[in-house]
Structures are given as structure tokens and as C-alpha cells.
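Okay, thanks for coming, everyone. Let me put the model up and walk you through it.

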Amino acid sequence: MTETPDNLVLALLRRLDERTARIEDRLATIERRLALRDQETAIDRADLLALSGRVARIERRLDLAEG
């Protein structure tokens, strides 16, 4: 069976669609991973801010105690 030019083009388009779908799936996976990292980074920043606030309060208490 010989491929006609139209059938060949359709087959190539199908393969291109399949590859595009795989690439889009990989891209979505990467985007999800980056979003998770962004959330982790935001949590880390929030933790650091909370800790720096605690350190500042402790320093004030020490300053008051040393008077």
C-alpha cells in the first residue's frame, strides 16, 4: 500500500500533534514543580521573617533586662 501525499501529510500532522501533546504535558509538569518551589520559598521567607521578629523581641527584652 502506497501512501498518497494527502495521507502522508495527515500522518505527519498526527505525529506532530502527538509530539506537541507530550511537550505540553512536560511543560505542565515543569510549571507545577516550579509553583511548588515558589510556595516553599514563600514559606521559607515567612519563617525567616517570623524568626527575625522573635529575635528582635528577645533582643529588646535583653536590653531592658540589662537596663
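Predicted model: local features only at pLDDT ≥ 70, side-chain atom pairs only at ≥ 80, totals over all residues.

Residues are numbered from 1 along each chain as its sequence is written, and side-chain values use heavy atoms, leaving out hydrogens and water.

So what's in the chain? One helix and zero strands; helices (H or I, at least four residues) and strands (E, at least two) are DSSP runs, numbered from the N terminus. Helix α1 covers residues 5-66.

Now the shape. The C-alpha trace spans about 95 × 10 × 5 Å along its principal axes. The radius of gyration is 29 Å, while a compact globule of 67 residues would be near 11 Å; that's taken over C-alpha atoms, with a globule rule of 2.2 Å times the number of residues to the power 0.38.

How much of the chain is buried? 0% of the 67 residues, where buried means under 20% relative accessible area, exposed over 50%, and partly exposed in between (1.4 Å probe, protein chains only).

On to patches: members have over 30% relative accessible area and no salt bridge, with like charges joined within 9 Å and nonpolar side chains (Val, Leu, Ile, Met, Phe, Trp, Tyr) within 5 Å. A salt bridge is a Lys or Arg side-chain nitrogen within 4 Å of an Asp or Glu carboxyl oxygen.

R15, R19, R22 and R26 gather in a positive surface patch. R26 sits in helix α1 and is exposed, at 55% relative accessible area.

Definitions and conventions
Areas by Shrake-Rupley, 256 points an atom, 1.4 Å probe, with all protein chains shown as cover. Lys, Arg positive; Asp, Glu negative; His and termini not counted. Charge placed at Lys NZ, Arg CZ, Asp CG, Glu CD.
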